[in-house]
Protein chains: 2
Amino acid sequence: MRREIDLLIENVMILPVVPKGSVIKNGFIAISDGRIKDFGRMEERPNFNAEEVLNGKGMCALPGLINTHTHAPMTLLRGIGDALPLNKWLEEAIWPREAKLTAEDIYWGTMLACLEMIRSGTTCFVDMYLEEDAVARAVLDSGLRAFLSYGMIDLGSEDKREKELRITEGFVRRWHGAGEGRIRCMIAPHATYTCSKELLLASKALADEMNLMLNIHLSETKSEVKKVKELTGMRPVEYLESLRFLSPNVLAAHCVWLSDEEMKILAKRGVSVSHCPSSNAKLGSGIAPVKELISEGVNVSIGTDGCASNDDLDMFEEMRLTCFLQRARLLDPTAIRALDVIEMATINAARAIGMEDEIGSIERGKRADIILVSLKAPRLVPLNDLVSNLVFSSSGNDISTVIVDGKILMKERKVLSMDEEEVLKEASSRSKP
Amino acid sequence: MRREIDLLIENVMILPVVPKGSVIKNGFIAISDGRIKDFGRMEERPNFNAEEVLNGKGMCALPGLINTHTHAPMTLLRGIGDALPLNKWLEEAIWPREAKLTAEDIYWGTMLACLEMIRSGTTCFVDMYLEEDAVARAVLDSGLRAFLSYGMIDLGSEDKREKELRITEGFVRRWHGAGEGRIRCMIAPHATYTCSKELLLASKALADEMNLMLNIHLSETKSEVKKVKELTGMRPVEYLESLRFLSPNVLAAHCVWLSDEEMKILAKRGVSVSHCPSSNAKLGSGIAPVKELISEGVNVSIGTDGCASNDDLDMFEEMRLTCFLQRARLLDPTAIRALDVIEMATINAARAIGMEDEIGSIERGKRADIILVSLKAPRLVPLNDLVSNLVFSSSGNDISTVIVDGKILMKERKVLSMDEEEVLKEASSRSKP
């Protein structure tokens, strides 16, 4: 008997990520109703009647990469204000331009980000920005999966606080679960130094009430730690702990400057970290203690941060840089291994957003968020070690095919879910100062 | 009157590198007899009668990138032995496999390296390896420019020393100036811990006699410094200084572990450094004090090192990583600017190999070693800042066209100087353990 399925990938190498380190040298993946129905070795393939068949010869299938911290519309600000410290970069280069962005600008900036992410193998991303409705519209159109949040800042003003919370509530009601569940919402107090205690507490209450995750910037720079200490007498993580803010529902971006005690708190509370190596390096913020966080038992995932502090959205670069920075910092080539960063960008990331039962690995029953990496480029030859080649020699440019929820968004580098020329034209025209 | 030329590039953005920071938004480059005859703004273009015309619309012309430290044939060992410390990596993973490589293996490994370099915008590289004749043959066939050296190691044996010096002399006589000057030779005592004092001195004498440059590994790891101190009572740079080895003719790779005094010695003697950020990070060797070297007045260029410790030959990644590592290490986003690393990979590199009058910038009369970077990929849109986009958002994959000595080696990503399929097939088949 032949089983009816939507999509069959044949003759493909598979790195399922779970179980750790397993590789299928020549395999198949059967997809139906947006989920992975079956996968395994070619010689054990059942009979399928597939609507579409992809030949995966010379390619490796991986779970789609998950970028756990970005500000998608900032593609429009790519390259602006390099070589400025974080506060000047925000205050002089970024915020004045952001203030001028319209909802349509943000839509097209996000479309550009989605285009770039699809082309570099990211299938799901976590976003925090202004005008997040426009971001959501773009995600819906792009076919990607995303966790979206409106970044709330009150700077102590009660009026602003109420307004920010109302915006967030409205956004969540309009968008949570949209796109057949591709879009989910998070509650995002921007950071401990931009939000009052009241806003942090109200955010937590709202997240609990709506059963949503919290997304926050945390301990990004030395000066942030100093500022929070001046304001509260505590370091940022200690401060959040004192507010009972921390739980497994919290995704904390950056976490560069942590005391040993703070790492223990993050571990104890089950907080997940989004490590943003390029952004932290480019802005001179520092190198996060990723190795130590992992040793403490903290779940670490990886983010690109916004494109203006990176300046691209290629998760392969972030994976490689995570290895490089930890090894260079600790003078230890074993500090972080290649397979570790693939896990950070897939299954750890899924765990960080509470989706480890749905995405982050190639397993039967999970959503079919899958990328095919071509192994044919000269820089990937010879194939002495698949995982080394993926982490140290590949780039987003080697992605051939991208599948989200079982739908093909890019096939042999042709993006099917959007008009690439239109996106580039619109985004270019909207970046003018 | 129309001037007869070989090649005209029109409608192209130009970053000539010299003078610093200048950009021509819409320009032309006229090439004849392998040299840049003229360049400038389109509206001031003289009348040319060109044998071939390239339309550079949507592209930026840069001087070809110069990789000042690699071991080209190590492409065959790509991905091998990750997460081992340098000594184990060499002794257990690399050397046993290198011992089995034949001259033909090395030829095809170098062809693969040349293919990868052409595809990522490198037009000239500095090499040190065994069987360097096979490397030279591949360079000749590939069309690239290269400075080649046979890496001498005597470990104190007089017999071995004489043999190594004879191999070097023979190699130089056969190859220096070959390919109409595209190939030049260097004298390469491998390192202070693998070469006797006698070999270091004989190398220097040979270089002086033959009017060649010296190429050496220097202060790569902490353990190397310890070893040399035990052997000589001095740190590596101090030791070379005591031997009167150091001069502007010395190109020293790595230079990760330097005392302040050693940096001053390098500056005083006019030694150029080849900074290898990926390799130093991946192997856990550390982060070189690039910012401090530059402040002391040392000429710093950039190398990929061999492909087994990187694991690719993409100079764009090395430029970006140079910025990232220095900024992260010093917590200073101004530590190294984007334009600084473009200079390191072009004009500084030309200076490092004594070729600053011939290559390293787009100037009238210089050799026509030019690359065209396509600015059309989504990750390069919008173009708010050309130099930021080149360093932080581009990769070798964005190179469209590569010209060496006025000859087009790659045109719109089609490599013309070699049979790409054949190279990939041969290199793959020769990488088997």
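This is a predicted model: local features need pLDDT of at least 70, side-chain atom pairs count only at pLDDT 80 or more; totals for chains, interfaces and linings use all residues.
Why is helix H3 of chain A largely enclosed by the rest of the structure?

Residues are numbered from 1 along each chain as its sequence is written, with chains lettered from A and ligands numbered from 1 in the order in which they are written.

Chain A first. It has 15 helices and 17 strands. Those are DSSP runs numbered from the N terminus: H or I of at least four residues for helices, E of at least two for strands. The radius of gyration is 21 Å, close to the 22 Å from the globule rule for 433 residues, so chain A is as compact as a globular protein of that length. That radius is taken over C-alpha atoms, and the rule is 2.2 Å times the number of residues to the power 0.38. Of the 433 residues, 63% count as buried. Buried means 20 or more other C-beta atoms within 10 Å of the residue's own, with C-beta atoms placed from the backbone.

Back to H3, residues 132–142. Eight of its 11 residues are buried, so the helix is largely enclosed. Among them are A:Glu132, A:Arg137 and A:Ser142. The cover includes H2, strands S7 (122–129), S8 (145–152) and S9 (183–189), and helix H4 (158–175). Just after H3, A:Gly143 takes a positive phi of about 90°.

Next, domains. Chain A splits into domain 1 (3–63 + 367–415) and domain 2 (65–352); the bounds come from an automatic or database domain assignment. Their centres, over C-alpha atoms, are 29 Å apart. Contact means C-beta atoms, placed from the backbone, within 7 Å. Nonpolar is Ala, Val, Leu, Ile, Met, Phe, Trp, Tyr, Cys and Pro; charged is Asp, Glu, Lys and Arg; the others, Gly among them, are polar.

Last, the chain pair. Chain A and chain B each put 53 residues into their contact. Helices H2, H9, H11, H14 and H15 of chain A each supply at least two residues of its side. H11 gives the most, with five. That side of chain A has 24 nonpolar, 15 polar and 14 charged residues.

How values were computed: A residue is buried if 20 or more other C-beta atoms lie within 10 Å of its own, exposed if 12 or fewer, and partly exposed in between; C-beta atoms are placed from the backbone. Two residues are in contact if their C-beta atoms, placed from the backbone, lie within 7 Å.
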